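Biologist: I am new to this structure and would like to be guided through its surface and its charged side chains. May I put some questions to you?

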Amino acid sequence: MSLKTINTILATAVTLFAFYLGFSFILSPEATAPGIGLPTWPEGDGGGFLVMKGIRELSMGLMTGILLVTGHRRALGLVLLMEAVAPFGDMINVLTHHGTVAAALGIHGFTAVLIAISGLLILWETRKPADVSVQVSDGLAV
């Protein structure tokens, strides 16, 4: 299996998972929230923040999906690296708000690493080969 095929599968999985999370948080935040590792439900009208998280996830899925479908692979790699910041921030948020370390690292940390690796692999795939041409002048390599 080629690197491009593996990268496409990984990027597609990241995109579909972002859509899943986005729609889950938008349509049913009270059912989805316990799965992100925070210990309590937001007080008052704090549930709106979970819908915002859903919209963030959905927009991330749209960005990667559009780049994947249109074949802008280098941009896709860069966007995936940028998007890895969001689950890393979620990991820090869970840790600083007394969530479990297992959820912080196992859900958010793992997701951040997976997205970053996917982005790096696509950047590796799309790298420009080094110019290895050798000029010969008077019999000597220059």
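The conversation below concerns a predicted model.

Biologist: How many salt bridges does a search of the whole structure find?
Modeller: Side chains of opposite charge can pair when their charged atoms come close. In this predicted model, the search covers the whole structure, and the number of salt bridges found is five.

Biologist: Which residue forms a salt bridge with Lys-53?
Modeller: The closest N and O atoms of this pair are 3.0 Å apart. The pair links distant parts of the chain, with Lys-53 in helix 3 (residues 47-70) and its partner in helix 5, 37 residues apart. That partner is Asp-90.

Biologist: Is Asp-90 buried or exposed?
Modeller: The relative accessibility of Asp-90 is 13%. A residue counts as buried under 20% relative accessible area. Asp-90 is therefore classed as buried.

Biologist: How many residues apart in sequence are the parts that Arg-56 and Asp-90 tie together?
Modeller: Arg-56 forms a salt bridge with Asp-90, the closest N and O atoms lying 2.6 Å apart. Because Arg-56 belongs to helix 3 and Asp-90 to helix 5, the pair ties together parts of the chain whose separation in sequence is 34 residues.

Biologist: Which residues do salt bridges that share partners join into one network?
Modeller: Arg-56 pairs with Asp-90, and Glu-57 forms a salt bridge with Arg-56 at 3.0 Å between the closest N and O atoms. Asp-90 in turn pairs with Lys-53. Through such shared partners, the salt bridges join into one network Lys-53, Arg-56, Glu-57 and Asp-90.

Biologist: Is Arg-56 buried, exposed or partly exposed?
Modeller: Glu-57, its salt-bridge partner, counts as buried at 7% relative accessibility. Arg-56 has a relative accessible area of 28%.

Biologist: Which element gives the largest share of the nonpolar patch on the surface?
Modeller: The patch is formed by Phe-88, Ile-92, Leu-95, Val-101 and Leu-105, with about 430 Å² of accessible area together. Two elements give two or more residues to the patch, helix 5 (85-96) and helix 6 (101-125). The largest share, three residues, comes from helix 5.

Biologist: What is the relative accessible area of Leu-95?
Modeller: Leu-95 is one of the residues that form the nonpolar patch, and Leu-95 lies in helix 5. Leu-95 is partly exposed, and its relative accessible area is 35%.

Conventions. Residues numbered from 1 in each chain as written. Predicted model: local features only at pLDDT ≥ 70, side-chain atom pairs only at ≥ 80, totals over all residues. Heavy atoms only, no water. Patch = residues over 30% accessible without salt bridge, like charges linked within 9 Å, V, L, I, M, F, W, Y side chains within 5 Å. Areas by Shrake-Rupley, 256 points an atom, 1.4 Å probe, with all protein chains shown as cover. Salt bridge = Lys/Arg side-chain N within 4 Å of Asp/Glu carboxyl O. Helix = DSSP H or I, 4+ residues; strand = E, 2+ residues; numbered from the N terminus. Buried < 20%, exposed > 50% of the residue type's maximum accessible area, 1.4 Å probe, protein only.
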